[in-house]
Amino acid sequence: MDAHPEKHEHAHPTPGLYAKIGLVLFVLTALEVGLYEATYGETAGPLAEHLRPFFVPLLLMLSAAKFALVAMFYMHLKQDSRLFSGVFVFPIIIATVVIVSLIVLFAYHYSIA
Amino acid sequence: MATTVAGHPHAAPVAAHAEKTGLWSWITTVDHKRIGILYGVTAFVFFLIGGIEALLIRIQLGAPDNTFLSPELYNQLFTMHGTTMIFLAVMPLSAMFFNYLIPLMIGARDVAFPRLNAFSYWVFLIGGLFMNASFLFGAAPNQGWFGYANLTSRQYSPGLNVDFWTIGLQILGIASLAAAVNFFVTIVNLRCRGMTLMRMPMFVWMSFITQILLLLAFPVITVALILLMFDRAFGTTFFVPAAGGDPLLWQHLFWIFGHPEVYILILPAFGIVSEILPVFSRKPLFGYAAMVFSGAFIAFLGFGVWSHHMFAVHMGPFADAVFALGTMLIAIPTGVKIFNWLGTVWGGSLRLTTPMYFALGFIAMFIIGGLSGVMHSVAPHDLQQTDTYFIVAHFHYVLFGGSIFSLTAGAYYWFPKMFGRILDERLGKVHFWLMFVGFNLTFFPMHFLGLNGMPRRVYTYPAGLGFEFWNQVETAGSFVLAASFLVFLYNIFVRSKRTTAADPWDGATLEWSIPSPPQEWNFAELPTVHGRDPLWEAKRARGGSLPEPPRVSGAGIHLPNPSYWPLVTAIGASTVLIGIMVGFPWVSIAGGVVLFVGVYAWAFEPAH
Amino acid sequence: MTAHAHALEHETSTGLDSRKLAIWTFIGSECLFFATLISTYLVYKGKSVSGPTPAQILEIPLVTFGTALLLFSSLFVVLALYGAQQGRRGMLIGWLGATIFCGAFFVGMQVYEFTHFVHKGLTLKTNLFGSSFYTLTGFHGTHVTIGVIWLVTLFILALRGKLPPEKALNLEIAALYWHFVDVVWIVIFPVVYLMR
């Protein structure tokens, strides 16, 4: 069934905005790799020891930021109907619960084995 | 409130849309009503096959140390009985009702993607045939419907049995996922004017929640089956203990799917009963909003309790406690539903028709099943119950006493709409009592046997353990149950009577506002509703009843074209998977080519 | 049929296009698919009893380049979509071509990587790392490949002038799938390659 053409949102992103987001994504990726190199790489200096406990949380935050940028701007969720965001976010929540539960269940399982 | 046909000048309809007849019209159909009937007939045949498998099991268990079935054949029969009943009977019977009713109840002409709908059916048919073809090779699945690793590894199951199962289920999963996307979009997007979400019939709500469960749960088993298929076909080590693999991972992944799956099996049944009770109590459903939210809550919670199937695997007290508590919590929204059904019936002007008998029977039987379920949730007590007949009793009470009773109620209720024939009332009641008595005789004693120690999945038991008497009762009961289905078949094929009444039951929802059976386009004009129970509202406004809706020519109504590409695509997709088991990689590649052609032809053929 | 009735025939309850809703629904479902594969990888991390470990096999430079390409491909497809919606055929074709190039390169990089790892002694069967690594990244790569085929189809349509602004939704839907595939890689890249 065809819907009438999609209503145009106000403040439609411009190619310029898209390009800027692309640059930010590139920088975030560089930061991820840089963080890795600084903590575990061959070029890791004295800072590496201090970074280790923060490594996973920092990395996850960087990827989450990239994820959010692509979802909100490239996939248009920021401007589109909230329904699309709901249809995407709800499964992500369930997915996160599944991943975390399995990690916990198996970590626990092995620790008492 | 345009539930009647306003202003149509056609007296003698000129067929603008020719009535489609013949085999080819069924093969190329994209009409949700025809697809619904295809699902129903196919599922019913598989249900009878599953029933015969059960009877064979019951014959074997009717006496101690019996030699009617070999242990190997017994394993195949109980595996196929479970797999068939869940995936080839209850789910597609629900799909029959999703297909037939959802567009009608929301005032739409068809589902959002009619060809995708046809695709789902054909994939289901191929998957069901494929899995049952295993019997021809003497290699029917034999590892239990839950296929625990590492019994399912190549090492311990070298034959084709497990492959038929993994690939068959994978094929069926495609059908379910495609249908779930379709019905989700249909319910969100194709509701008629005025039908807000909180005005939808309860069956549509429960179906909607079921589609969400399907979308979230099936990918998990898809991956689990991939891991198993890869272990068996390509030598990966996911469930190989010697390589560090953990068979428990299978159990977790399977039950993360498996628990939502049981809600997938019961929520549509809840929906059906929620339609039938109000009509035959002449009262609206009690607590509509509570019914919606409790259904959603059950589904959501259902994702957090999967390891209650694993209390005996030593997950540790913390995990056990979390899952036990979650499981107990689910009893609350379930209880809300039961009280609301009772509240619907209470004070109503009851008409005890056959659908009403089955709906009331559903409530009683489901309560029993729910109670034993709550007993399982007490983890220490489950250590005694698990792997015994006590569990078998529980799930048959909820799946048969629950789902099947409800689906049967729905069959009697909607039969006149679907086929223009009404089933005989007296025979219907004979069916009910035979089924009720047979069902309880077969499954109630399993509670006793289970608590007295009879294990599940054993092909026989020795004499002298005290199991003989109840097993004999159960076997006798299973034949009474079988007789009830013979009565049902007799009713359908011999004693049903033509009816042209659009609204034989004084229904509340939109499907009763159109002819029986409906014309291909469903509604002459798409309706507008102003509240729940739109037909009761319309009848009240008119001071009684509505005139019979006329059959119209359908001129000017745009219908999707029939197509055979869904069938071709289904064959391609299934062949890709089947090729993993036989003739890899060439069969899979051939399947891929057919799939590619099917998808492109489908995408580029004009839909209208 | 009255004009009013005709209008009813084509509207949707939400005002949103059903096909766009369908692809989002599918994407939501696929989140669980990849979550399960990622969980399997994480559960088995460090549990292999033998064979090459991630530290011994995984190489950062090439995959980082592929990651960057995939990220840029998301930018390129969004620019192509802008071109399609604005009726700027040159913009559409150019950026769509760039997207396809990046996607195909990514797949190529993965094929090269897999071949290289096999030579270094890591196959599907070698150990848990091999099994879970190839399965997770292989299914992702398959999704990318399907995306490339889909985009090539649209590219050909665009070349033939069959992707006017009225049909831009077709590209939008493919682009949403493409972004999803990119977003999954945004999760896989650090989890597999950077967390050892």
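Started with D80(A) and K20(C): their side chains meet in a salt bridge, N to O at 2.8 Å. I note that this is a predicted model. The rule gives one salt bridge across the interface of chain A and chain C.

Next I looked at the A–C interface itself. Two residue pairs are in polar contact across it, both at pLDDT 80 or more. Which elements of chain A give two or more residues to the side touching chain C? I get helix 1 (15-40), helix 2 (48-74) and helix 3 (82-111). Helix 3 of chain A has the largest share, with 14 residues. I sorted that side of chain A by residue type: 33 nonpolar, six polar and six charged. In the contact I have 45 residues from chain A and 49 residues from chain C. The buried area is about 4300 Å², and carbon and sulfur atoms give 79% of it.

Then I went through salt bridges within chains; the count over all chains is 16.

- Chain A: R52(A) and E49(A) meet at 3.6 Å, N to O. They sit three residues apart in helix 2, so about one helical turn separates them. I have R52(A) as partly exposed at 36% and E49(A) as exposed at 55% relative accessibility.
- Chain B: K33(B) pairs with D31(B) at 3.2 Å, N to O. Buried or exposed? K33(B) is buried at 5%, and D31(B) is buried at 9% relative accessible area.
- Chain C: R19(C) bridges to D17(C), closest N and O atoms 3.6 Å apart. R19(C) is partly exposed at 34%, whereas D17(C) is buried at 11%.

Terms used. Residues are numbered from 1 along each chain as its sequence is written. Chains are lettered from A and ligands numbered from 1 in the order in which they are written. This is a predicted model: local features need pLDDT of at least 70, side-chain atom pairs count only at pLDDT 80 or more; totals for chains, interfaces and linings use all residues. Side-chain values use heavy atoms; hydrogens and water are left out. Contact means heavy atoms within 4.5 Å. Buried area is the accessible area (1.4 Å probe) that two parts lose on being put together, summed over both. A salt bridge is a side-chain nitrogen of Lys or Arg within 4 Å of a carboxyl oxygen of Asp or Glu. A polar contact is a pair of N or O atoms within 3.5 Å; within protein, one must be able to donate a hydrogen and the other to accept it, and residues adjacent in sequence count only if both atoms are side-chain atoms. Helices (H or I, at least four residues) and strands (E, at least two) are DSSP runs, numbered from the N terminus. Ala, Val, Leu, Ile, Met, Phe, Trp, Tyr, Cys and Pro count as nonpolar, Asp, Glu, Lys and Arg as charged, and the others, Gly among them, as polar. Buried means under 20% relative accessible area, exposed over 50%, partly exposed in between (1.4 Å probe, protein chains only).
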